[in-house]
Amino acid sequence: MNKMGFRQKMIAAMLLLTALGILFISGMSYMQFRNQSVRNYVDSIDSQASIQLNKFDATMKETYLNMIKVSCSEDLKKTISDYIDSERDFQDGQKVSDQMKELLTMGKYNSTLYLYIPKTSEMFSTQDYYSRQKLDRSNILIWRKKQDEAFKPLFFMNYFTGSAEYVFGYACTVTDEKTGYEGYLCLTLNERQIYYDLLAALNNNTNGEEYFLVTDKGLVCSSEKTELLGCLRKDRSFMNGSRMSVSSVENRQMLYSMQSHYTGYYLLCQSDMRILSQTLDNSLRLAAGVLFFSLIVLIFAAVTITGQMYSPIQTLVETMHRIQEGDFEARVSETGMNDEFATMAHGFNDLMDHIDQLMDHIIQERTEKREAEINALQYQIRPHFMYNTLNSIRFAAQLQRNQKLADLLGDFTELLEASIQRKGAFVTMQEEIELVKHFLALQAFRYFECFETEFEVAPEAENCYVPCLLMQPMVENAVFHGIDTTRNDNLIRIKAWVEDSLLRISIEDNGDGFRQEEAEKDSFDKRRLTGIGLNNVKNRLQLYYGDLAFFTIDSVTGKGTTVQFTLPVSHAPEEFSIKREVERI
Amino acid sequence: MKKGWKVLMIVLAVGSLLSGCAYTTVSMRREEPRYSIGVVTKADNSPYWLNLESGVREAAEELNVDITFLYPSGEEEAEEQKKIINDLLDSEPDALLIAPCNCRDTRWVAERAAEKDILLMNIDDHSADIKLPYAGSDHVQIGKDAAGYFKELLPEGGNICMLLGPAYQMSCQDRMRGFVDYLDKSFTIAGIKFTNMTQKSGYQAVMSMEAKPAGIFCQNIVVAQGAIIALQEKGWDAKIIIVDTLEDGELVMKRGNIDGVMVQDGYFIGYQAIMSAVEGLQNGGEIEDVRIASGILTPDGIKGEIQ
């Protein structure tokens with residue numbers, strides 16, 4: 001499974017889920033359909049059986065009521081008494097039979113009424129043959145029944161007709177209260193009549209059902225198969241006290257039973273469920289065929305659809321492989337479609353473009369960094385060399401007792417040390433003033449001491465931190481542009497104070513001053529002279545303080561120039577350092 | 001999780017196969033009836049009794065009750081009915097409803113029923129020799145209503161004859177009592193004849209009358225038809241009120257020979273009787289009498305309430 005590709009997994013999942021779904025739904029539907037079919041089938045049997053059993057009940061009730069009616073007939077009682085008291089010849093016997101025929105009104109059924117007169121041991125019937133016969137009383141013992149079974153018909157083999165036949169019947173006594181004579185009556189119905197009237201129509205079907213009428217004792221009392229009549233049924237599970245029951249029995253047979261309330265007899269329907277399920281099985285086979293065909297179609301559809309779906313993914317994968325192999329120019333060809341895959345391809349290409357840019361940037365940064373490292377190494381060598389050399393010269397000047405030169409070299413060394421930032425990016429105002437003093441000492445030597453300097457540094461400003469050599473370019477400008485070597489009253493005044501939580505530094509000169517346009521015109525020269533221009537100072541302030549610090553230049557022609565710095569008060573050297581700023585970001 | 005999915009798939013597949021291929025096991029049973037009730041009527045040879053049987057069976061179906069409905073060959077066949085009742089008692093139903101052919105011979109039924117703990121009640125007609133719960137028409141009221149309607153038909157009064165059923169039927173006695181007690185004094189009871197409910201007996205009863213009656217109150221349509229033939233033969237004209245079903249009443253009313261029908265609703269009586277019997281079985285045998293009022297069907301329509 002793990003070795004399967006995405007497409008194979010997708011096809012497999014689709015097929016598996018679909019096949020399972022179809023199989024599950026088909027199975028459930030088949031089961032439901034089958035159960036419903038069985039229920040419908042049972043309902044159909046139930047409804048037919050109900051009708052036929054009601055008909056059987058009605059027939060038996062009519063038989064019973066007829067028998068009761070005959071037994072209460074005064075005419076019959078009198079006929080019996082008259083016969084017993086007569087000579088009992090043929091004519092007398094015929095009267096009894098005729099009277100019985102007259103009383104018998106059993107509708108459509110060809111019923112037979114029997115009268116046994118124990119006093120004469122004779123049996124009379126309404127039949128044309130055997131209308132009178134001598135019989136022992138033991139022959140009618142079969143007519144006896146339990147007291148509580150008055151409505152249950154008798155079922156027995158009737159031998160009184162000449163040919164034995166199974167009959168249903170009701171029996172009772174008839175007594176003439178006047179004479180005390182009595183007789184035993186039995187009204188019978190032929191089993192075949194009942195069968196053809198009630199069961200034959202039910203048996204005449206194509207579903208293989210077999211109907212039986214069974215007594216409450218389990219004897220088959222009406223069936224198409226006459227050889228079964230009078231036989232005790234082996235399976236009597238239906239005699240469970242339930243009025244209607246359906247159960248499946250061995251060999252996939254269903255046994256339906258309904259018990260008559262009136263007679264207590266059962267109407268059974270035994271059917272072969274395999275015949276019933278044949279249609280269903282054919283449906284199942286058809287469903288299996290449809291399932292197989294559906295799966296074939298599904299496989300074809302799955303292969304086609306997933307092929308189309310998989311194509312952009314495959315392109316993406318191939319492009320990724322090319323990139324892995326080092327072809328960073330490789331890009332996914334966009335199809336122009338507006339689907340998720342197009343978005344993915346577009347996003348991938350954008351990502352690769354971005355990565356390309358980042359890589360170029362990194363390469364450039366690395367190159368610059370390497371160059372910077374090399375330069376830094378060179379710069380580290382040069383100042384040290386110069387610094388050490390200058391110190392050696394300074395000591396040589398001291399040894400030769402040229403203190404002035406030694407001091408100048410000392411000032412220069414301090415400035416050099418500051419310029420290579422040995423003391424850090426930020427120094428206290430006091431240290432910055434010291435550097436300015438060193439610088440001015442050098443400049444004073446250069447300009448033959450033609451200017452004076454004044455320092456007014458407020459005590460609260462002394463410990464404020466400022467960027468190292470912040471003032472030096474401005475002081476240098478003041479020296480270069482503010483000093484007139486032909487005058488002897490040149491003055492450079494440097495002040496520092498704290499005002500409104502801001503450190504203010506001013507550098508004033510009393511030189512000729514300048515106009516703005518002159519300042520712009522002379523910018524090249526100024527840069528050439530000082531080495532560090534105003535832009536340098538401006539950029540440093542911007543880098544360190546952002547908008548919190550700035551400087552202004554006021555110049556009045558003929559009166560001088562004043563440069564004033566405004567900075568935030570800082571008592572910590574790292575407060576506005578670049579490193580701190582980076583950490584803050 | 002993956003293992004769980006695999007198991008689920010396998011279970012689904014096997015379940016599907018099994019559910020589809022497994023053979024259906026059939027097993028059904030019908031709810032057993034709650035009670036078994038025997039009903040023995042006087043006969044089954046008129047629309048009234050057929051309607052009553054319909055009402056009985058309808059109620060039985062509603063209440064899931066087994067009914068054994070039996071009857072003798074005629075309303076006078078008390079001996080047949082006695083045998084039938086005996087057989088029914090032997091079969092030990094939960095309740096037995098009888099419309100006695102002989103109202104004076106029912107005590108033995110009550111005794112046997114009590115022995116077997118069978119709830120016994122009268123339907124349609126009540127016993128004379130013992131008091132039993134009753135469900136049927138209010139026969140006294142039928143007599144009263146008939147007498148009242150005669151006053152409307154014959155405001156002047158006149159001779160009235162009554163052609164009733166057998167004298168040993170309490171329904172006849174009740175109708176007679178209600179009729180006689182309530183009949184306006186402007187009327188004279190010219191004769192009370194007990195018939196065996198046949199056309200012939202109605203015919204003979206009228207033929208035996210010496211004076212022309214102004215009105216005849218008949219037991220039913222069958223007796224009335226005999227009476228009408230006799231009246232025509234004698235050239236008499238009389239107002240006739242009968243007691244019968246609505247269907248029969250409407251039929252004869254269209255012919256114009258009958259002036260009023262005291263309607264007896266057999267269906268409703270049968271239905272109510274079973275309802276009462278089941279209620280009695282449920283509450284230990286206590287049953288209240290159900291006496292159903294009858295309306296009068298006249299040529300102008302129905303007066304009073306018919307269920």
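Two strands are taken to pair if DSSP finds at least two bridges between them. In the predicted model, S16(A) and strand S18 (residues 560-568) of chain A meet this criterion, pairing in the antiparallel sense over 8 bridges. One such bridge joins A:Ile505 to A:Phe565 in S18(A).

The two strands belong to an open sheet of 5 strands in chain A, with mixed pairing and the order S13-S15-S16-S18-S17. Strand S13 (451-457) and strand S17 (550-556) of chain A each have a single partner strand and stand at the edges, so one side of each is left without a neighbour in the sheet. From one strand to the next, the twist averages 10 degrees. Helix H10 (residues 472-482) of chain A packs on this sheet and touches strand S15 (490-499), S16, S17 and S18 of chain A; the direction of H10 makes about 20 degrees with that of S16(A). Helix H13 (residues 534-545) of chain A also packs on the sheet, where it touches S17 and S18 of chain A. The direction of H13 makes about 150 degrees with that of S17(A).

Within strand S16 (residues 502-509) of chain A lies A:Glu508. This residue counts as buried because its relative accessibility is 19%, with the cut-off set at under 20%. Beyond its neighbours within four places in sequence, A:Glu508 is in contact with A:Leu491, A:Ile492, A:Arg493, A:Lys495, A:Thr561 and A:Thr562.

The model scores ipTM 0.86 and pTM 0.65. For chain B, the mean pLDDT is 88, and 89% of residues reach 70 or more. Confidence in chain B is highest in strand S4 (residues 95-98), at a mean of 97, and lowest in helix H1 (residues 2-21), at 60. Where pLDDT is low, the predicted coordinates should not be read in detail.

Definitions and conventions: Residues are numbered from 1 along each chain as its sequence is written. Chains are lettered from A and ligands numbered from 1 in the order in which they are written. This is a predicted model: local features need pLDDT of at least 70, side-chain atom pairs count only at pLDDT 80 or more; totals for chains, interfaces and linings use all residues. Side-chain values use heavy atoms; hydrogens and water are left out. pLDDT is the predictor's confidence in each residue, from 0 to 100. Helices (H or I, at least four residues) and strands (E, at least two) are DSSP runs, numbered from the N terminus. Buried means under 20% relative accessible area, exposed over 50%, partly exposed in between (1.4 Å probe, protein chains only). Contact means heavy atoms within 4.5 Å. Axes are lines fitted to C-alpha atoms, for helices over the stretch in contact, and angles run from 0 to 180 degrees between N-to-C directions.
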